[in-house]
Amino acid sequence: MARLANLETEYPVLDSTVRNFCASHGIFSAAFAEQNNSSERLKEGIAQVLSVIDDMHQPWLNGMELLEDAKRNKHVFPTGIQGIDLLLGGGIRVGQLTELVGPSSSGKTQVCLRTASNVARNHMVLYLDTGNSFSPQRIAYFLGKTINPSSAQAKNQFLQKVMSNISCHSVFDIFAMFDVLHQLESYLRCQDGRGGCQMRLLIVDSISSLISPVLGSSSTQGRALMTSAGYLLKKLAHQHNLAVLIINHTVGGEGGYSKPALGDSWKCIPHSRLFLSCDRGSNNYNVSILRHPSMASGKAARFVI
């Protein structure tokens, strides 16, 4: 009940008694409390929980309102990789969840690092590293290729500025990721409306490393955790004008062809899915659109990192 604990400061009625009751019964229902002769304090606490949940619900929007929202808020961040940016009409979309899918050594992490180095020039970036893939040296290399300062001192100042805008957290299970995302949500609520350098990109490298272990049993809990993770990422993107970039691996499919991991329940969660591959023995990479809200599937491009 970590989320309820975070709310206790604002809503004192949500104390440990209320949280323990909710956790033990697995239900948020005032009627349930009445049936079980719970105290008035519990009833009041559960009513407060329901009120908070209602406040979190977004109002329904008609088509015109959605179009205006897209024009006003949903911009793109260039990845800094010409082939990908041309294919996507400028880069990855702010307010949406973009997934990079591909086998090992297909350039997924390199695209994330390059995107982080490009966005961090003007914004803050949070990089969730699940497999020790984050490389500050690689980011410094990308920056060195794209800048030409007049002096070594100017180069070092620019490098320090960009690197200080990137925060990396190591997360090795889905519950650790939830903790970080809830902390991020609180941070984003505080930053909204303020000026200065703001958090605008979240990278998860990789989401499949966190979700696959909880899908191993026949229990529905793993699938529920997967769905919750996906919708939390989408919520953060939409409500806080955040671009979210995640990595997914591939598994064997019919006829020996590879397909994205995590199954059919996951494939409808990302707004956009890009498939990456690498030409054997070269530095040439390929990207194709598997899913995109405004572009046809199958469009492809080549790029070099």
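Author: Strand S10 is largely enclosed by the rest of the structure, because five of its seven residues are buried. Buried here means under 20% relative accessible area, exposed means over 50%, and partly exposed lies in between (1.4 Å probe, protein chains only). Helices (H or I, at least four residues) and strands (E, at least two) are DSSP runs, numbered from the N terminus. The model is a predicted one, in which local features need pLDDT of at least 70 and side-chain atom pairs count only at pLDDT 80 or more, whereas totals for chains, interfaces and linings use all residues. Residues are numbered from 1 along each chain as its sequence is written, and side-chain values use heavy atoms, with hydrogens and water left out.

S10 has a partner on each side. Strand S3 (residues 97–101) runs parallel to S10 and is joined to it by four bridges. With strand S11 (residues 284–291), S10 (residues 272–278) pairs in the antiparallel sense, over six bridges. Two strands are taken to pair if DSSP finds at least two bridges between them. Phe275 takes part on both sides: it is the bridge partner of Val101, and it stands opposite Ser288 in S11.

The nonpolar interior can be described next. A nonpolar core is a set of buried Ala, Val, Leu, Ile, Met, Phe, Trp, Tyr and Cys residues joined through side-chain atoms within 4.5 Å. The largest such core has 36 residues, and among those with the most contacts inside it are Val287, Phe303, Leu201 and Ile203. Helix H7 (residues 108–119) gives the most to this core, contributing five residues. Beyond its neighbours up to four places away in sequence, Ile203 touches Cys112, Ala116, Val125, Leu126, Tyr127, Leu128 and Leu245, contact meaning heavy atoms within 4.5 Å. A second, separate core of 32 residues includes Val171, Met177, Ala229 and Leu236. Cys112 counts as buried because its relative accessibility is 0%, whereas Cys268, at 41%, counts as partly exposed. The structure holds zero disulfides, a disulfide being a pair of cysteine sulfur atoms within 2.5 Å.

Some backbone details lie in loops. A cis peptide bond, with omega about 10°, joins Asp205 and Ser206; Ser206 lies in the loop between S6 and helix H11 (207–211). Asn241, in the loop between helix H12 (221–239) and strand S7 (243–248), has a phi near 50°, a positive value in a residue other than glycine. Leu262 likewise has a positive phi, near 85°, and is found in the loop between strand S9 (258–260) and helix H13 (264–267). With a relative accessible area of 9%, Leu262 is buried.

Arg93, in strand S2 (residues 92–93), is partly exposed, with a relative accessible area of 23%. Leaving aside neighbours within four places in sequence, Arg93 is in contact with His75, Val76, Thr98, Ala243, His292 and Ser294.

The mean pLDDT of the protein chain is 84, and 77% of its residues reach 70 or more, where pLDDT is the predictor's confidence in each residue, from 0 to 100. Over residues 27–34, pLDDT stays under 50, and the model has 18 contacts beyond four places in sequence for this stretch. Where pLDDT is low, the predicted coordinates should not be read in detail.
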